[in-house]
Structures are given as C-alpha cells and as structure tokens.
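Please consult the sequence and the coordinates while reading.

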Protein chains: 2
Amino acid sequence: MEDYGRFLAFLASSLLVGFVSVILSLVWVLHYREGLSWDGSAAEFNWHPVLIITGFVFIQGIAIIVYRLPWTWKCSKLLMKFIHAGLNTTAMILAIVSVVAAFDFHNAGNIPNMYSLHSWIGLAAVIFYCLQLFLGFAVFLLPFAPVRLRAALMPIHVYSGLTIFATVIATALMGITEKLIFALKNPAYSESPPEAILVNCLGLLLVIFGSLILWMASRPHWKRPPAENAKILSPIGATPEGTEAESTMTNSSNADKSDLRSNTEAARKQNIKFDEAGQRSTM
Amino acid sequence: MEDYGRFLAFLASSLLVGFVSVILSLVWVLHYREGLSWDGSAAEFNWHPVLIITGFVFIQGIAIIVYRLPWTWKCSKLLMKFIHAGLNTTAMILAIVSVVAAFDFHNAGNIPNMYSLHSWIGLAAVIFYCLQLFLGFAVFLLPFAPVRLRAALMPIHVYSGLTIFATVIATALMGITEKLIFALKNPAYSESPPEAILVNCLGLLLVIFGSLILWMASRPHWKRPPAENAKILSPIGATPEGTEAESTMTNSSNADKSDLRSNTEAARKQNIKFDEAGQRSTM
C-alpha cells in the first residue's frame with residue numbers, strides 16, 4: 001500500500017476520535033444527565049445520543065472504511081462484504097433502538113413527535129440507510145444480480161453511503177443543539193456551563209471523525225486492489241464485482257499490477273473504462 | 001460529454017432547489033419575522049440566514065461545479081479559475097457580513113456570543129473557507145507555485161472544498177434549529193405552526209441541494225477534459241495544472257482522447273499515475 005504509515009495514522013486518529021466521542025456521550029448522560037434506563041423517563045431518552053453516536057456514527061464509519069484496511073486484502077471479497085454488511089446491520093439496529101427510545105420518551109411525557117428539522121432529516125436518514133442496506137444486500141451480496149447491474153449501481157451505492165453518513169453527523173449536531181437548549185436551564189446553554197462545553201466538544205469530535213473517514217474513503221490509492229487477473233480474463237464490459245475468482249487475490253505490488261495491466265490492449269482499454277466510470281467499489 | 005442530458009437535469013434541479021431555498025429564506029424573514037434592516041435589532045440578525053443561504057450555500061455550490069459546465073470547456077482554464085475564485089470570494093464576503101450581523105444583534109441585545117455548537121463549527125467553517133480561498137489563490141491562480149506543489153495540493157484542495165461545503169450546510173441546519181426553538185413561542189416550534197413547516201422544508205431543500213452538488217462534483221465522467229496534448233508533451237511527473245497550453249483546449253470526443261492516450265507508452269503510464277493519484281482537479 002502506498003503511504004502505509006499515513007494510512008495507519010489516519011486510521012488510529014479516526015479510531016481514537018470515534019472512541020473518545022462514545023466515551024464523551026456516556027460521560028454526558030451518566031455524569032451530567034439522568035443516566036440510562038428503559039422506563040419512559042429522560043434516562044430512556046439518553047439511550048438516543050449514546051446509541052446514535054456508537055452505532056450510527058462510529059460503527060457506520062468503520063463499516064465505510066473496512067475494505068481499505070490493507071491486512072484484509074488477503075481475505076476473500078465475499079468475507080469482507082459480510083463484515084461490511086454485518087457492521088452496517090449492527091449500526092442500523094442500534095439506530096432503530098435509539099429512535100424507539102426517543103419516541104417512547106416523547107409519548108410518556110406527551111411531547112409531540114416529528115415536529116423538528118432534526119426529526120425530519122433523522123427519520124429520512126434511517127429510512128434511506130435501511131433501503132441502502134437492503135439494496136446492497138440484494139445486489140452485491142446475494143449471487144443473483146447480473147454483473148452489469150452491479151457495475152451500474154456501485155457508484156450510486158458508494159455515493160449514497162457517504163452522503164447518508166454525512167447527513168447522520170449533521171443530524172447528530174442538530175440533536176445536540178436541541179438537547180442542550182432544552183435541558184440546560186439554570187445555568188442556561190448561553191452561560192456555557194461545563195456540560196455545554198463538554199457536549200460542544202463532542203460535536204466538534206463528530207465533525208473531525210466524519211472528516212477523517214471521508215478522507216480515508218476517498219483516496220484512490222488506498223482502495224482495495226482490484227482483481228487484475230479476473231479483470232483481464234473477463235469479457236469487455238464486465239466488472240470484477242461478483243467474480244469470486246478475485247476472492248483469493250492477495251495484495252500485489254505496484255510493479256506486478258503494472259505488468260498485469262500491460263498484458264493485453266483490451267484489458268488496458270477496459271481498465272481505463274472502469275477507472276473513468278468509477279464502476280468498481282471505491283471502498 | 002457523456003450523459004449530457006442527465007447532467008443538465010442535475011444542474012437544472014440544483015439551480016431550482018438552490019433558488020427556491022433563497023426565496024424561502026426571504027419569505028421566512030420578510031413574512032414571518034421582522035424583515036431586514038441594519039440597526040442591531042432582530043431585523044439585522046435576519047441578514048444572517050439570508051446571506052448564509054445565498055452566499056455560503058448557493059453561490060459556494062455553484063462555484064464548486066463551475067468547471068463541470070460543458071459549455072465552459074472551450075474557455076481557458078485561467079478564465080475558469082478566475083470565475084471559481086470570484087464566486088468563492090463573493091460567498092466569503094457574504095458569509096463574513098452575515099456573521100457580523102449575528103454578532104451585532106447579540107451585542108445590541110446583550111446575548112452572549114460563541115457559546116453554541118452552531119457558532120463554534122460555523123466560525124471554524126468561515127476560517128477554513130478563508131484559508132482555503134487564500135491558499136487556492138496563492139497556489140493555483142498566481143503563477144509562482146511549482147507544478148509539483150500544485151499536483152500535491154490539488155486532492156487536498158478538492159477534499160477540503162467539499163468537506164467545508166458539507167460542514168456549512170450542517171451548520172445552517174443547526175442554525176435553523178436554534179432560531180426556530182428561540183423565536184417560536186406562541187405557538188411553539190413543537191406545535192408545528194406554518195413558519196416551522198416552511199423553515200423545516202427550507203432545511204430539507206438545503207440537504208437536497210448539497211446532495212445534488214456533491215453528486216455532480218464527484219462523477220468522474222463529468223470532469224472538465226484534461227489537456228491531453230499538454231499531458232503527453234510534458235515531462236513524466238509533471239501535471240497539466242498550470243500548463244496554460246491547455247487553456248485553449250476545446251472539448252474533444254472520447255475517440256480522440258483514446259487515440260491521444262495511446263500515443264506513447266510514457267504518456268499512458270503517466271495518465272494512469274494521474275488517474276490513480278487523483279492529482280488533477282476533479283472539478
């Protein structure tokens with residue numbers, strides 16, 4: 001891998017920032033708020049920020065970059081797809097439980113549901129995330145989708161994933177804003193008590209975590225190497241997605257890749273086509 | 001251009017969504033709030049959302065995709081850089097004036113400044129945007145930066161631009177949330193009066209606008225065509241950025257590009273290197 005040290009630095013930073021974010025969300029609800037329970041009280045609502053930050057931000061972020069970890073490149077693509085889908089399913093379950101906690105708390109306290117921009121965009125993000133997961137499962141994990149469909153949908157899958165991830169972080173920032181305004185009364189949010197400073201810092205960390213994940217996910221030279229042999233052997237217009245011959249591909253040096261690239265003129269043209277259309281997974 | 005009709009549909013949609021967002025921000029402050037003035041009152045604050053949405057969201061969004069408009073591909077790269085920089089400078093000025101309006105309003109009403117997460121992330125976004133603009137001006141517009149420096153900084157410039165843009169939209173959503181909670185008292189935000197519905201819809205439109213711009217900015221086949229002749233004639237390791245020979249490049253067909261690509265083995269390897277490193281502008 002090119003820039004292996006820099007990749008490790010980014011990975012370590014994002015894991016650290018994500019981990020500290022989860023810890024800060026726990027400090028917030030356990031030290032400054034009412035703790036955690038499941039009884040319709042404010043302590044049930046507190047599951048909402050903790051599970052969103054743990055699942056919908058941290059675990060989703062890891063799921064996005066899991067294909068890029070160089071020590072997984074010797075694993076089969078199918079195994080990595082299962083890990084990607086498994087992490088995203090975990091994130092989805094935690095997100096749904098956290099939404100139920102918020103609704104339960106509202107219903108128990110006769111607080112209206114779904115009036116705020118946070119709730120509108122948040123619910124839309126959960127729905128799109130579920131759709132993305134089910135479509136991804138049907139198209140990329142089950143063996144039925146034709147290769148051309150996979151190739152056509154991959155750029156949309158990647159774009160949707162990153163856009164939903166960014167939207168989730170934006171929604172978390174709105175949620176933090178709402179909660180601090182509603183919960184801090186004496187002293188108020190505008191008086192910057194320690195809780196406000198802590199949770200503002202949590203919000204900043206979420207933005208930094210998102211920025212680190214998006215940088216790692218969008219560097220072309222940190223992509224999992226394509227299965228060059230599968231590419232060259234497959235017919236023009238096909239894509240290695242779903243060609244499980246690549247599953248046993250091990251990491252090859254750039255020189256090897258360059259040699260393989262030059263093998264045939266058809267393969268070279270095909271590679272250019274794939275590169276330009278962005279039709280193979282960028283994650 | 002590949003998919004010209006689809007590009008036009010995305011462009012028309014983003015212009016429409018951006019334009020409607022600006023109109024809705026005006027309806028909000030002129031019909032539901034205190035109008036616009038510059039006297040330290042709430043009417044001065046109202047410049048804040050209007051100028052942020054007009055400048056920091058809409059104009060910045062257009063600045064991001066301006067290289068991708070196919071009818072500008074016959075214009076010189078230098079002219080397009082001036083237009084890109086000019087639009088971003090306009091957005092920066094409007095953003096700074098809007099921040100001054102918010103501070104003025106706070107100071108006149110003895111409301112503390114810089115306590116909220118919205119203000120922390122918003123001020124950071126303005127500072128990074130100014131840095132990005134001045135660095136971009138110094139490196140890509142002035143003729144002094146060496147070609148290697150331009151090539152090394154271009155991926156960072158593109159990534160920073162898109163990340164700042166997404167952060168600005170997230171900050172606008174937090175700002176909308178704050179303002180609706182503070183301003184709507186009887187009926188409250190939670191009672192969903194017409195103003196709340198209108199401004200929630202405005203927030204949704206900002207997310208849609210951002211998503212459309214990010215889709216257009218990240219499609220590899222909608223990039224401004226590289227100056228192939230400049231690329232092939234330049235030494236290995238150089239990049240066409242700053243080679244103003246490309247300024248007079250007109251749009252060429254894919255077949256022409258393919259022929260040019262095949263001209264020399266060195267040029268081919270160089271092209272692969274550029275494609276993989278993402279070292280030319282993606283916008």
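## Basis of the model

This is a predicted model, in which local features need pLDDT of at least 70 and side-chain atom pairs count only at pLDDT 80 or more, while totals for chains, interfaces and linings use all residues. Residues are numbered from 1 along each chain as its sequence is written, chains are lettered from A and ligands numbered from 1 in the order in which they are written, and side-chain values use heavy atoms, with hydrogens and water left out.

## Salt bridges

Over all chains, the structure holds six salt bridges (a side-chain nitrogen of Lys or Arg within 4 Å of a carboxyl oxygen of Asp or Glu). Side chains of opposite charge can pair when their charged atoms come close. One of the bridges joins R6(B) to D3(B), at 3.9 Å from N to O. D3(B) is partly exposed, with a relative accessible area of 30% (buried is under 20%, exposed over 50% and partly exposed in between, with a 1.4 Å probe and protein chains only).

R33(B) forms a salt bridge with E34(B), with the closest N and O atoms 3.4 Å apart, and another with E195(B), where the closest N and O atoms are 2.8 Å apart. R33(B) lies in the loop between α1 (4–32) and α2 (42–45) of chain B and E195(B) in helix α7 of chain B, so this pair ties together parts that are 162 residues apart in sequence. Helices here are DSSP runs (H or I, at least four residues), numbered from the N terminus. R33(B) and E195(B) are both buried, R33(B) having a relative accessible area of 17%, whereas E34(B) is partly exposed at 41%. In chain A, a network of salt bridges links R33(A), E34(A) and E195(A).

## Packing of α6(A) and α7(B)

Helix α6 (residues 147–183) of chain A packs with helix α7 (residues 194–217) of chain B at an angle of about 140°, their axes being 11 Å apart. Axes are lines fitted to C-alpha atoms over the stretch in contact, and angles run from 0 to 180 degrees between N-to-C directions.

The contact (heavy atoms within 4.5 Å) is made by P155(A), I156(A), Y159(A) and T163(A) of α6(A) and by S211(B), L212(B), L214(B) and W215(B) of α7(B).

## Surroundings of H84(B)

H84(B) is located in helix α4 (residues 77–108) of chain B. At 12% relative accessibility, H84(B) is buried. Leaving aside residues up to four places away in sequence, H84(B) touches A63(B), I64(B), V66(B), Y67(B) and H157(B).

Conventions:
Helices (H or I, at least four residues) and strands (E, at least two) are DSSP runs, numbered from the N terminus.
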